[in-house]
Amino acid sequence: MVGLALTSFAIIPAHAAWPTRPVTIVAPYAAGGMADVVVRLVAHHLSQKLGQPFTVDNRGGGAGSIGAVQVASAQPDGGVLMFTSPSAILTVPMLQKVSYDPDSFVPISLAASLPFVLGIRASLPPKTLADFIAYAHANPGRLNYASAGVGGISHLVSSLFVKRAGIDAVHVPYKSAAPATAALIAGEVDMYFGGAPEMLQHLGNERLRILATSSATRLANLPDTPTVAELFPGFEVSTWLGFVAPRGIPAEIVNVMAQATQEVLRLPDVAARLAALGVVPVGSTPEEFAAVLRKDRAFYADAIRAAGIPATGQ
């Protein structure tokens, strides 16, 4: 996904359709996490770019569904937007009944991509991804893998990888990403697909061996680490963060917001800050974001089947 080239960073002129009141960005997760850091950084620059306040309202709970309910029912005038991951608008509505239509949201701009990094405990013999798969085939049922919770993105990605690789391994769910990563480093589990921002913090840890990433291409800060897709073409997935709006929002507002987001994410200091966190800045058009949603909807539906989780949602 390639964002648009940076244009001048002058304040975009006021548009007749653009809201005159402060813009609230609903963040459907708790304050202090990686997504919160990203949205507050971008919101600060959007305020400068568009000449009006952008405030972040954290509405955590329900894997994003609580915040999604608020945004789905908001007036579609640009005054309320949501900065979301795939959970709220893709995976949660697949896995359970929710009180909102997952198609109630209009994509504005995909802001950031967060690839997954496959790590194993370093005490295992394999040194490469191919070696690890061969080792797992030779030891069926003896390996396990962590996730940040049943039905979470890391669980779905891991389950699909295990299926594609033909590995017989046991799932060990944790309450969140931090304890799952800690369990891998402590040697309590054999494998974990963790988010790049968290896993990259442990580069150089002798108890962790990084084998691959889930991105379409190799990461700049892991140039010698292959992608899973190099061994299994088509296995390309990154969780992401992006802006959406309630259905019915005028196209003019969507376009102004998308342009501003693209330009903010091309600012050198913003790009450098995100790269240091292990986050890939994107800045897409609404059409590009919509294409990602279509692709990921199919990917996660396949992953849910691979995980054997009953899909009771919409």
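Contact means that heavy atoms lie within 4.5 Å of each other. The model is predicted: local features need pLDDT of at least 70, side-chain atom pairs count only at pLDDT 80 or more, and totals for chains, interfaces and linings use all residues. Residues are numbered from 1 along each chain as its sequence is written, and side-chain values use heavy atoms, with hydrogens and water left out.

**Figure 1**
Helices (H or I, at least four residues) and strands (E, at least two) are DSSP runs, numbered from the N terminus. Glu188 has a relative accessible area of 53% and is therefore exposed; the term exposed stands for over 50%, buried for under 20% and partly exposed for values in between, with a 1.4 Å probe and protein chains only. Not counting residues up to four places away in sequence, Glu188 touches Asn144, Tyr174 and Ala183. From Glu188 to Ser158 the C-alpha to C-alpha distance is 17 Å, and the two are 30 residues apart in sequence.

**Figure 2. The aromatic pair of Phe161 and Phe193.**
Rings of Phe, Tyr and Trp (its six-membered ring) pair if their centres lie within 6.5 Å; planes under 30 degrees apart count as stacked, over 60 as edge-to-face and the rest as tilted. By this rule there are nine aromatic pairs. Phe161 belongs to helix α5 (residues 153-165) and Phe193 to strand β7 (residues 191-195), so the pair ties together parts that are 32 residues apart in sequence. Phe161 is buried, at 0% relative accessibility, and Phe193 is buried with a relative accessible area of 0%. One aromatic cluster is formed by Phe161, Phe193, Phe232, Phe235, Phe299 and Tyr300.

**Figure 3. Ile89 and the largest nonpolar core.**
A nonpolar core is a set of buried Ala, Val, Leu, Ile, Met, Phe, Trp, Tyr and Cys residues joined through side-chain atoms within 4.5 Å. The largest such core has 53 residues, and Ile89, Phe161 and Phe235 have the most contacts inside it. Apart from this core lies another, of 37 residues, including Val38, Val42, Leu46 and Leu114. Among the residues that Ile89 touches, not counting those up to four places away in sequence, are Met82, Phe105, Trp240 and Leu293.

**Figure 4. The largest pocket.**
On a 1 Å grid over the protein atoms alone, a cavity is a set of points where a 1.4 Å probe fits but cannot get out, and a pocket is an open set with protein on both sides within 12 Å along at least five of seven lines; lining residues have an atom within 4 Å of a point. Grid points are joined across faces, edges and corners, and a volume is the space filled by probe spheres set on the points. The largest pocket holds about 1200 Å³ of space. It is lined by 41 residues, of which Ala35, Ser85, Ser87, Ala148 and Ala177 are the closest to its centre. Helix α3 gives the largest share of this lining, five residues.

**Figure 5. The largest cavity.**
One cavity of 30 Å³ or more is counted, and the largest cavity has a volume of about 30 Å³. Its lining consists of Phe132, Leu143, Asn144, Tyr145, Val162, Ile167, Ala169 and Met191. Strand β5 (residues 143-147) gives the most to this lining, with three residues.
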